[in-house]
Amino acid sequence: MLVIFAILFALMHVAALILAPVLVGSAIDYIVAYNDVNLTRVLNYCIYLLITIIIAAVTSYLSTFLSTKLAQTIAKNIRIDTLAAINCAPIYKIDSLSKGELSQRLTTDCERIAEGIASTITQIFTFIALVIGTLIFMFRLNITMALVVALLTPLSIIAAVLIAKFSHKMLVRQTANEGAAAALGEEFINLSKTVKLYNYEEAAEDRLKKHTARIKDSGQKAVFSASLTAPTSRFINGLIFACVAVVGAYLVLGDSDFSIGMLSIFLAFAMQYARPFNEITNAMSEIQGSIVSAKRVFSINSECKMHDAQLRHADQNSNLEARLKGDIEFKNIDFGYDDNALVIKNFCLSIKAGQSVAIVGKTGSGKTTLINLLLKFYSANNGEILIDGTNIDSIDKQLLRQNIGLILQDSWVFKGSIFDNIAFSKHGTVTLEEVITAAKKAHLHDFISSLKHGYDTIIDTNTLSKGQMQLLSLARIFLTTPPIIILDEATSSLDARTDYLVQDALKNITKGHTSIIVAHRLSTIKGADLIVVLENGSLIEQGTHDELIAKQGSYCTLIKHS
Ligand SMILES: Nc1ncnc2c1ncn2[C@@H]1O[C@H](COP(=O)(O)OP(=O)(O)O)[C@@H](O)[C@H]1O
Ligand SMILES: [Mg+2]
């Protein structure tokens, strides 16, 4: 609807633009010579002219207003779509992009697409209508003159296209450089403590300077080449204007019925006819910018849709209960993040529902990778993972993740009340009692009660200590008690007392739940029903703590160093 009105007003604007010079020309023809002026006619034409000019102004305003509104609506929708796409994009895609890059795609790129659309709608329509309308009028008035105008003007387009090609290249470079600098800036901001700690400020500044210098360079070139178009086409238009004046003067002086009024119409048309060409060249650079941005944005969207389609296909044949039992079986799993290096090699492991399994191994041995596979963040090259006897490929990813409670080394909170931060894990309504029970089990209730606002205290990442955030993650899990619980180095960075609290809370939570625990501390590993030793992606030992100690193998070596 908006589009139709925007176009309609643009067309009215064009009609008014074409009519104005015709009115002026007609008025001139009533001014034949000194003392031979038909004043009433001339005045009439002046009034028509005034009305036409007002219509031109109002319709121009309206069409611009509507198309801007339309563009902003579209930008909003693209942004929502892209955010949704990022949310369901495969993890490997997200891993391959930096956060700064992603947020640039959400902000600057979406903005550029909107600008491009706004330019396209008004300018292209005005352009086409104005060119066609002016052509028709000119040919009806005088064919010779019409040919002069129509044949010469495209010269400015050719120049514009050549310049636009160059500036497109520069724009691609500029946008890429901007993304890279945003990513770097974001990295430094996130790591600000580390940067200061290692006295890395100067080096960081240098790197940023290099990036910004590159932006400046490519930006300068892009803007300069884009700004060449206007003066170039204006110069060519000046030449055309002169040609029209000369040919027109000959015609007026000759014996044909070409009047001075008509010459004035043609001179106005020559200007007017050229104007859309100028505008379109300006619009072209904006549109090009938006095409570059659109490609960047839609590459995420399309990849996500593919991924989603694959998953949906897989999800159709799952007929599992909403709550899984928790039997897990890895069968001959091979996996590599890229094709040439396997990170997991022929890994087999069978975990019964309710069992607790500890995975130990050196850094980089593939522990986190196994968990990534189990959560369907990545899929294995060979072999299969079964949960309750069903291949996870055919388990709905939402169902799967609802049934798994995951605690990582770095826990997170969002800005909001403590209540909301805990209740977050459970869908539907959650009562305060439930949250308090969960917090008690996680040994967090006393701390929360000591706060002035209790469960309504607003927290963010910087307000809680690491240990408190980790306990809060535990509380989340106590609230939903999923059948499968995974801890990936969850306690590695905690102090002894918090570690003790977490261990104690864990004892409760792992009872009756399948649990997979990746840890270095002996105290965490010792009690597990099964301990698995991983080396370079292969399982090299498994058994209980006592069995493995008796074996005097890799496990003992690992333990000695922990
Ligand atoms: N997103 C990733 N892309 C490419 N390689 C990765 C990625 N994540 C981990 N790796 C590589 O996979 C190997 C195993 O990593 P990981 O499973 O995280 O080890 P662990 O958790 O045992 O310390 C390492 O060599 C690591 O460099
Ligand atoms: Mg790890």
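User: Which residue in strand 13 is the bridge partner of Val 360?
Analyst: In this predicted model, strand 5 and strand 13 (residues 530-535) pair in the parallel sense over 5 bridges. One of the residues involved is Val 360, and its bridge partner in strand 13 is Val 533.

User: Which residue stands opposite Ala 358 in strand 12?
Analyst: Strand 5 (residues 356-361) also pairs with strand 12 (residues 514-518), in the parallel sense and over 4 bridges. Within strand 12, the residue opposite Ala 358 is Ile 517.

User: Which residue in the turn of the hairpin formed by strand 13 and strand 14 has a positive phi?
Analyst: Strand 13 and strand 14 run antiparallel and are joined by 5 bridges, with Glu 535 opposite Ser 538 of strand 14. The hairpin that they form has 2 residues between the strands. A positive phi of about 45 degrees is found in the turn at Asn 536.

User: Which strands stand at the edges of the open sheet of 6 strands, and why is one side of each left without a neighbour?
Analyst: The order of this open sheet is 8-11-12-5-13-14, and its pairing is mixed. Neighbouring strands are turned by 15 degrees against each other on average, direction ignored.

User: Which strands stand at the edges of the open sheet of 4 strands?
Analyst: Here the pairing is antiparallel and the order is 4-3-6-7. The strands at the edges each have a single partner strand, so one side of each is left without a neighbour in the sheet. They are strand 4 (344-351) and strand 7 (390-391).

User: Which residue in strand 6 is the bridge partner of Lys 331?
Analyst: Strand 3 (residues 328-335) and strand 6 (residues 382-387) pair in the antiparallel sense, with 5 bridges. In strand 6, Lys 331 has as its bridge partner Glu 384.

User: Which helix gives the most to the shell around ligand 1?
Analyst: The residues around ligand 1 include Asp 95, Tyr 337 and Val 343, together with Gly 364, Ser 365, Gly 366 and Lys 367. By class, the shell divides into 2 nonpolar, 7 polar and 2 charged residues. With 3 residues, the helix that gives the most is helix 10 (residues 367-374).

User: How far apart in space are Val 172 and Gly 326?
Analyst: In sequence, Val 172 and Gly 326 are 154 residues apart. From C-alpha to C-alpha, their separation in space is 50 Å.

User: What is the radius of gyration of the protein chain, and what does the globule rule give for 562 residues?
Analyst: The protein chain has 19 helices and 14 strands. The globule rule gives 24 Å for 562 residues, and the chain is well over this, so it is more spread out than a compact globule. Along the principal axes, the C-alpha atoms fill a box of roughly 120 × 55 × 50 Å. The radius of gyration is 36 Å.

User: What percentage of the 562 residues in the protein chain is buried?
Analyst: Among contacts between residues at least 6 apart in sequence, 80% join residues at least 24 apart. Of the 562 residues in the chain, the buried ones make up 35%.

Technical notes:
Residues are numbered from 1 along each chain as its sequence is written. Chains are lettered from A and ligands numbered from 1 in the order in which they are written. This is a predicted model: local features need pLDDT of at least 70, side-chain atom pairs count only at pLDDT 80 or more; totals for chains, interfaces and linings use all residues. A residue is near a molecule or strand if its C-beta atom, placed from the backbone, lies within 6 Å of it. Ala, Val, Leu, Ile, Met, Phe, Trp, Tyr, Cys and Pro count as nonpolar, Asp, Glu, Lys and Arg as charged, and the others, Gly among them, as polar. The radius of gyration is taken over C-alpha atoms; the globule rule is 2.2 Å times the number of residues to the power 0.38. A residue is buried if 20 or more other C-beta atoms lie within 10 Å of its own, exposed if 12 or fewer, and partly exposed in between; C-beta atoms are placed from the backbone. Two residues are in contact if their C-beta atoms, placed from the backbone, lie within 7 Å. Two strands pair if DSSP finds at least two bridges between them. Axes are lines fitted to C-alpha atoms, for helices over the stretch in contact, and angles run from 0 to 180 degrees between N-to-C directions.
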